[in-house]
Structures are given as C-alpha cells and as structure tokens.
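Here is a short briefing to read alongside the model. Please keep the structure open as you go through the points.

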2 protein chains.
Amino acid sequence: MTNIKDIARLAGVSVSTVSRVLNNYKYVANDKRESVLQVIEEMKYTPNKNAIDLIRGETRTIGVILPYNNNPAFDQLLNGILNKALENDFLVTVLPSKYSKEKEMEYLQKLKSKLFDGIIITSRANDWETIIPYSDFGTIVSCEYTPHPEIGCSYMDRYSSFLDAFQLLKNKGHRAVSFTTARLESKSTKQMIDAYHEIFGELPPGYHISDCHCLEDGYGAAKQFLELHERPTAIYANGDEVAGGMYLYAKSQQMKVPADLAIIGQENQPVGIGLGLSTVDHQLTKIGEQACSLVIKKSREKVKIPYRIVERDSV
Amino acid sequence: MTNIKDIARLAGVSVSTVSRVLNNYKYVANDKRESVLQVIEEMKYTPNKNAIDLIRGETRTIGVILPYNNNPAFDQLLNGILNKALENDFLVTVLPSKYSKEKEMEYLQKLKSKLFDGIIITSRANDWETIIPYSDFGTIVSCEYTPHPEIGCSYMDRYSSFLDAFQLLKNKGHRAVSFTTARLESKSTKQMIDAYHEIFGELPPGYHISDCHCLEDGYGAAKQFLELHERPTAIYANGDEVAGGMYLYAKSQQMKVPADLAIIGQENQPVGIGLGLSTVDHQLTKIGEQACSLVIKKSREKVKIPYRIVERDSV
DNA sequence: CTGAAAGCGCTAACAT
DNA sequence: ATGTTAGCGCTTTCAG
C-alpha cells in the first residue's frame with residue numbers, strides 16, 4: 001500500500017509538501033505541485049481516511065438511530081437525511097436499534113469513539129437524561145421535540161395535528177370516530193388518545209386498535225371496527241398503508257367512501273395517492289432533511305416543521 | 001479528551017497493559033486488570049475507533065451502493081443487509097448513487113481509502129472493468145450476477161423468473177399479455193423483453209410500458225393497456241405496488257380479477273398481500289443478507305438465491 | 001515556499 | 001506478566 005511518504009520520496013519533496021498539495025494549500029511552487037500530482041496519478045495513490053480522521057477529529061459521517069428499517073415512516077425520515085447528506089458530502093451510517101436500550105447506548109458510544117460527527121435519533125428507548133451526556137462528543141439531533149438545550153430538534157407538532165384531524169372529522173359531522181396506532185406504549189399513542197378525549201370526550205370500547213403497521217393490519221382493523229355494535233362512521237389511521245387496508249375492506253363490503261365510512265390516513269404515502277385517500281402529512285422527508293442540516297451545522301436549534309392535511313376523496 | 005496514556009498513568013501501569021485489558025488479553029495480573037478497569041470506569045474512557053482502525057486496517061463497516069433510497073426493491077435489499085450486519089456487529093453506510101458514474105467511483109475510492117472493509121453494489125452505472133481494480137482494496141459483492149472472479153455475487157436468476165412468470169400466464173390460457181418495467185435502458189428491461197419473445201413471440205405495439213415505479217404508475221399503465229384495441233388479458237407488473245395500481249384501475253372499471261384481467265406482480269410487497277396479488281418473489285431480503293455475509297466472510301463466491309412464485313388470487 | 005519533527009491515539013513486537 | 005518502543009498514515013507547527 002503506497003502512502004504519503006512514498007509519494008514524497010518519488011516526487012523528490014517532503015511529506016508536508018505532499019500534504020499541502022493534497023489539501024490545496026496556496027503556497028506551493030507550481031513545478032513541485034505538478035510533479036507531486038503526477039506521482040499521485042502514476043501510483044494511483046489514495047490517502048488513508050482513518051489517519052486523516054484521527055488527526056482532524058472529524059469524519060463527515062452521521063449516524064442515524066432507527067428503530068426499524070423497512071418501515072415507511074422511518075424510511076421517509078432516512079430519505080430526507082440521505083438527500084441532505086449527499087448535498088453536503090456527508091456519509092450516513094444506519095444504526096438499527098429495535099428500541100433496544102443497550103443498542104442505543106452502544107451507538108452513542110460510537111459517537112464518543114469519534115466514528116461520527118453527530119447522531120440523529122429518529123426515535124428512542126432511553127431517557128434523555130442518559131442520552132444527554134453524549135452530546136459532549138458530537139451533535140445530537142432528535143426528530144421529536146425535547147426541551148433539553150443540549151439536543152437539537154427537527155420535529156412536528158404531532159399533538160396539534162391529531163387535534164386538527166379529529167376536528168376535521170367532527171366538522172364533517174362525524175361523532176363516532178375510531179382510530180388505530182402503532183406501538184401501544186409509545187408517546188405518539190398517548191397523544192392520540194389525549195387528542196381524542198379533547199375533541200370527542202369518552203373513548204367508546206373497541207374504538208382504538210394498536211399494533212397496526214401495514215395494509216393487512218388496516219384491513220383487519222376496519223373489519224373489527226365495522227363489526228362493533230356502535231359502528232364508527234370515520235376512522236383515523238396511523239399511516240396510509242393502514243388506511244389503504246381499511247379502504248379495501250370497506251370496498252369489499254360494498255361500502256362507499258366517504259359516504260358510508262370516512263377514512264383519513266397519515267404521511268402522504270404512495271398508496272394513498274393512488275387510492276385518493278385524505279391524509280395528515282407530517283412531512284417526514286423535510287424533518288429528516290432539517291435534522292441532517294442541524295448536525296452538519298453543529299446546531300442545537302429546535303426547528304418545527306409544519307404538517308399539512310391533504311384532503312382528497314376519503315373524508 | 002482522555003486517552004489510553006491517561007488511563008495508564010492513573011492506573012499506574014503501561015499503555016500496553018491498558019491495551020491488553022481493552023482487548024481481553026489473557027496474560028494480565030488480576031489486580032492490574034481490576035485497577036485499569038476501575039480507572040476506565042471512573043474516567044468514562046472510550047477508545048478512539050479511528051486510531052484502532054488505522055492500525056488494524058479494518059473498520060467493520062460495509063458500504064452499500066444504492067441507486068435510489070426510497071424504492072421498495074432497494075429497501076428490501078438494504079433491509080436484508082442491515083439484518084445480517086447487525087447480527088455480526090458490522091456497521092453499514094448507505095451510499096446513494098442515483099446511477100451516477102462519478103458518485104460510484106467516489107464511493108469505490110472510499111473503499112480504497114480504508115473507510116470500508118467491503119462494498120455491496122446493489123446496481124451500478126459503471127462497467128465491471130472499471131470497478132474490478134478496486135477489489136484489491138476490499139471485498140466487493142454484487143447483487144447481480146457477473147462472471148468476473150474478483151466480484152462476489154448474491155443474485156437471482158432474473159431471466160428464468162421472467163420466463164416462468166410468462167409461462168404461468170400462458171399455461172392459464174393467456175395469449176395477450178402485456179408488461180411494465182422500470183428504467184427503459186436497464187438490463188432487467190432487456191431480459192424482460194427477451195423472455196417475452198421467447199414465450200410469446202412478437203411483442204404487439206403498446207404492450208410494454210416503462211418508467212413504472214409506484215401504484216399510480218400502475219394505475220395509469222393499466223388504463224393505457226385496457227384502452228388498446230387489442231386488450232391484453234393479463235399483465236406482468238414490475239412490482240406489487242405497480243400491480244396494486246393496476247388492480248385498482250381494473251376494479252374501478254368493474255372488471256373482475258383474474259377473470260377479466262389477470263395480474264401478477266413482483267417482490268411480494270405488503271400491498272400485494274393485502275390485495276391478494278400473485279407475485280414473483282425474488283427474495284430480495286435474502287439476497288441482501290447473503291451479500292452481507294459474503295463481504296463479512298471476505299468471500300467472492302457466486303451464490304444464487306432461488307426465486308419463488310407466490311400464487312394468490314390475481315392470476 | 002519548503003522541510004524537519006512532533007504528534008493524533010492506539011497496537012504489537014521485542015525485551016525482560 | 002509487563003513495560004519500552006516503534007510504528008499506522010497523516011497534519012501541522014515551527015524554523016528557515
């Protein structure tokens with residue numbers, strides 16, 4: 001493996017001169033620069049990035065903690081992050097956590113071990129208190145809001161969006177509204193339930209189904225909802241795939257959407273566009289882009305990304 | 001920043017002893033080991049990974065060249081890779097290429113610069129001839145077959161799968177079969193056309209639509225196909241999302257699937273499960289897992305992953 | 001403008 | 001068993 005010393009020797013200069021041309025320093029005589037460049041070319045020399053990172057103490061690499069890969073919401077987030085990273089010549093390393101506290105800590109350690117300049121936490125299992133100390137070793141940006149000044153945030157006002165969606169349904173005359181969520185123990189689920197209470201009051205039994213992730217889950221949930229004694233007239237689904245499943249179940253029962261059943265989904269996913277599903281778009285791609293920008297700028301700002309409700313033909 | 005020297009001093013031992021306990025060497029007196037461990041704990045010391053990688057010449061990190069993030073097929077591949085990497089304590093860095101030759105070369109350079117132990121190429125823009133020289137600097141594994149011995153492969157027999165799918169349709173009595181593909185200039189599209197010729201002969205005008213990626217595209221393609229003078233009775237879609245769109249268009253026209261129109265998709269994606277779509281499952285997750293295993297083993301084997309046709313209710 | 005030399009933080013012979 | 005020392009490949013003062 002040829003290294004900087006070899007290049008220096010072959011070009012008849014010192015290693016510092018080689019380093020200077022490598023880093024585009026101004027004060028290098030043209031003839032020396034040329035001959036160095038030529039030797040580099042001939043030898044097909046590529047500098048060792050580990051040595052450079054070791055000295056500089058930075059890697060231009062961002063770690064992204066992701067509970068699940070292969071989940072549309074996290075994919076959108078990651079997509080935004082990758083876009084922005086690419087623009088800025090940063091690399092991104094995907095860190096799958098499956099909500100394991102140990103894994104998360106392991107990844108945070110890697111920030112400390114100088115593998116990453118910063119970490120984006122899309123969702124987490126650990127308390128902020130245990131995460132915060134690591135912010136001494138790089139920029140940590142969260143995709144959910146937290147008041148801690150050590151942590152940058154690129155987030156949306158999820159609670160308000162839930163309120164808005166329920167209110168929209170109420171305004172359209174719906175009183176029997178049910179909904180689905182993903183993980184039962186998540187903060188998001190809690191907010192959803194709170195928002196429901198705020199708009200509709202008491203939650204009738206059977207009106208909330210959790211652990212819904214894909215189209216099939218939505219199909220099954222719709223079936224359950226519609227077999228209830230007090231049928232809901234509208235459903236708020238936690239994702240357009242889930243909403244798509246509900247739509248298909250409704251259709252299979254010859255029901256008209258939205259006349260017999262209104263459906264609103266989330267995240268403006270491709271399937272919803274095709275089916276004409278109304279959706280609460282949290283703009284996850286933008287959130288990802290912003291999160292990435294924050295770590296690149298080493299900023300700990302709190303940036304709120306506006307959500308928008310896309311009305312199509314299902315409510 | 002506290003380093004190994006500090007730990008050595010505070011524990012009253014030499015750096016080599018600290019290094020030894022760090023790397024679980026056998027011959028370290030128990031009392032010294034204990035005191036080193038204690039100092040490490042007190043100082044919350046974390047070794048610098050860049051220094052270690054520099055010396056060892058390996059990073060336990062794999063780069064994955066991906067033309068598009070946010071594409072279901074590449075997502076499945078990536079998902080498999082991440083699963084296997086996680087199991088083996090490897091990190092994976094996502095390298096979006098958008099089929100740019102320059103970007104690809106840039107990423108290959110990073111292999112040479114010792115940032116990755118290996119690279120997985122899920123799809124590529126450059127010729128193998130220009131890629132192969134980089135196999136001197138790490139394991140390169142491709143997700144498509146290539147005879148070059150320098151390149152490991154984890155692949156499926158795409159052509160055979162196309163043949164099988166078309167044959168299946170023919171066996172069911174279909175003679176007017178159309179199909180969609182993604183990029184017009186891709187090898188995959190070429191194979192699709194060849195397979196068509198082999199089974200059905202001449203390709204009628206309008207029976208092939210390219211640039212189909214999502215549900216909407218499928219919806220539009222089905223519309224186009226069904227407005228042809230010589231309507232196809234079956235469609236082979238390049239993905240279940242696309243197939244889903246076709247299914248929905250057919251339904252919107254009160255057509256029965258498969259009686260009026262047979263549809264077969266690809267990749268066994270969630271939407272297809274929900275809609276009961278038959279599909280050619282290339283097992284991309286498995287291909288990703290295998291590709292990852294190959295780079296971990298530094299193997300250049302050629303491993304063929306079997307595809308399977310999942311028959312549901314749409315053919 | 002250029003080179004010598006001192007590190008960056010760590011591992012791994014080589015002694016002892 | 002443990003310490004000394006020479007690097008890994010590069011950047012960056014510091015002189016000149």
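**Around DNA strand D**

The residues of the surface near DNA strand D comprise 13 nonpolar, 8 polar and 4 charged ones. Please bear in mind that this is a predicted model. The points below start with this strand, then turn to DNA strand C, a pocket and a strand of chain B.

**More on DNA strand D**

- There are 25 residues around DNA strand D, and those that come nearest are I4(A), Y45(A), I55(A), S16(B) and A29(B).
- Sugar or phosphate accounts for 61% of the atoms of DNA strand D that lie within 4 Å of the protein, and the rest belong to bases.
- N48(A) has a polar backbone atom 2.9 Å from a phosphate oxygen of DNA strand D.
- Helices of both chains take part: α2 and α4 of chain A, and α2 and α4 of chain B, each supply at least two residues of the surface near DNA strand D.

**Around DNA strand C**

- DNA strand C is surrounded by 24 residues, of which R20(A), Y27(A), A29(A), I4(B) and Y45(B) are the closest.
- Of the atoms of DNA strand C that come within 4 Å of the protein, 65% are in sugar and phosphate.
- Which part of DNA strand C lies 2.5 Å from a polar side-chain atom of R20(A)? For R20(A), that part is a base oxygen.
- Two residues of chain B lie by phosphate oxygens of DNA strand C: I4(B) has a backbone N or O atom at 2.4 Å from one, and Y45(B) has a polar side-chain atom at 2.4 Å from one.
- At least two residues of the surface near DNA strand C come from each of α2 (15–22) and α4 (49–56) of chain A, and from each of α2 (15–22) and α4 (49–56) of chain B.
- With 4 residues, α4(B) provides the largest share of this surface.
- By class, the surface near DNA strand C has 12 nonpolar, 8 polar and 4 charged residues.

**The second largest pocket**

- The second largest pocket holds about 1300 Å³ of space.
- Its lining has 35 residues, and nearest its centre lie S113(A), T46(B), P47(B), N48(B) and I52(B).
- Which helix gives the most to the lining of the second largest pocket? It is α4(B), with 6 residues.
- Both chains contribute helices to this lining: α6 (101–112) of chain A, and α2, α3 (30–43) and α4 of chain B, each supply at least two residues.
- The lining of the second largest pocket divides into 14 nonpolar, 9 polar and 12 charged residues.

**Strand β6 of chain B**

- Strand β6 (residues 177–180) of chain B is covered on both faces, with V177(B) and F179(B) buried on one side and S178(B) and T180(B) buried on the other.
- In a regular strand, side chains alternate between the two faces of the sheet.
- β6(B) pairs in the parallel sense with strand β8 (residues 234–236) of chain B over 3 bridges, and S178(B) stands opposite I235(B) in β8(B).
- Strand β7 (residues 208–209) of chain B also runs parallel to β6(B) and is joined to it by 2 bridges, with H208(B) in β7(B) as the bridge partner of F179(B).

How values were computed:
Residues numbered from 1 in each chain as written. Chains lettered and ligands numbered in written order. Predicted model: local features only at pLDDT ≥ 70, side-chain atom pairs only at ≥ 80, totals over all residues. Heavy atoms only, no water. Near = heavy atom within 4 Å. Polar contact = N/O pair within 3.5 Å; in protein donor to acceptor, adjacent residues only side chain to side chain. Nonpolar A, V, L, I, M, F, W, Y, C, P; charged D, E, K, R; others polar. 1 Å grid on protein atoms, 1.4 Å probe; cavity = no way out; pocket = protein on both sides within 12 Å on 5 of 7 lines; lining within 4 Å. Points joined across faces, edges and corners; volume = space filled by probe spheres on them. Buried < 20%, exposed > 50% of the residue type's maximum accessible area, 1.4 Å probe, protein only. Pairing = 2+ DSSP bridges.
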